[in-house]
Amino acid sequence: MVWIARIAVALVGLFSLAMGLMALASPVQLGTTLGIGALTLLGLNALRADLGAFFLASAIASALALFAGRASWMWGVACLYGLAVAGRFLGILVDGAPEGIAQPVTVELVLVVLSVFGARTLGRS
């Protein structure tokens, strides 16, 4: 079970790292992928900084859980992605369900489940 948890944490970390690096290297592409855009240079900077921070913090926490034996850091990752899901559901309630919402909600829910599984399983070993 520990190996499955390590794979789960690695998947969360790799996804987060890829998205974080995309935010730094190509925030316009990341914005397009997520359905958001920068109207000004300040907005472009916010895409790079804010989304980069979100995803790279998740990647770093995943790496610490995996390589430094700090499984409890995965609770923070689960919290970040869980809050993203909560924000999406709030958006659906307030504004209605936008086209394509199922995919990001599903991805984020899977990341929460993998993070919780990793935190619980690796925390026992």
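Reply: Happy to! A helix here is a DSSP run of H or I with at least four residues, numbered from the N terminus. Just after helix α2, G35 takes a positive phi of about 80°. This is a predicted model, in which local features need pLDDT of at least 70 and side-chain atom pairs count only at pLDDT 80 or more, while totals for chains, interfaces and linings use all residues. Residues are numbered from 1 along each chain as its sequence is written, and side-chain values use heavy atoms, leaving out hydrogens and water.

Me: Where does G35 lie, and what makes it count as exposed?

Reply: G35 sits in the loop between α2 and α3. Exposed means over 50% relative accessible area, buried under 20%, and partly exposed in between (1.4 Å probe, protein chains only). G35 has 65% relative accessibility, so it counts as exposed.

Me: Why is S58 called buried?

Reply: S58 has a relative accessible area of 0%, so it is buried. Its place is in helix α3, residues 41-67. Not counting residues up to four places away in sequence, S58 touches S16, V77, L80 and Y81, where contact means heavy atoms within 4.5 Å.

Me: How do you know whether S115 is buried or exposed?

Reply: The value for S115 is 0% as well, so S115 is buried. It belongs to helix α5, residues 102-124. Leaving aside neighbours within four places in sequence, S115 is in contact with V12, M74, V77 and A78.

Me: Why are α1 and α2 called oblique?

Reply: Helix α1 (residues 2-25) and helix α2 (residues 27-34) pack at about 125°, and their axes are 5 Å apart. Angles under 35 degrees are roughly parallel, over 145 roughly antiparallel, 65 to 115 roughly perpendicular and the rest oblique. The two helices are therefore oblique to each other. M19, M22, A23, L24 and A25 in α1 meet P27, Q29, L30, T33 and L34 in α2.

Me: What makes you say that the buried residues of α2 line one face?

Reply: The buried residues of α2 are P27, L30 and G31. Seen down the helix axis, they fall within an arc of 100°, so they line one face of α2. (The arc is that of the directions from the helix axis to the C-beta atoms.) These buried residues pack against α1 and α3, while the face turned away from them carries the exposed residues V28, T32 and T33.

Key: Axes fitted to C-alpha atoms, helices over the stretch in contact; angles between N-to-C directions.
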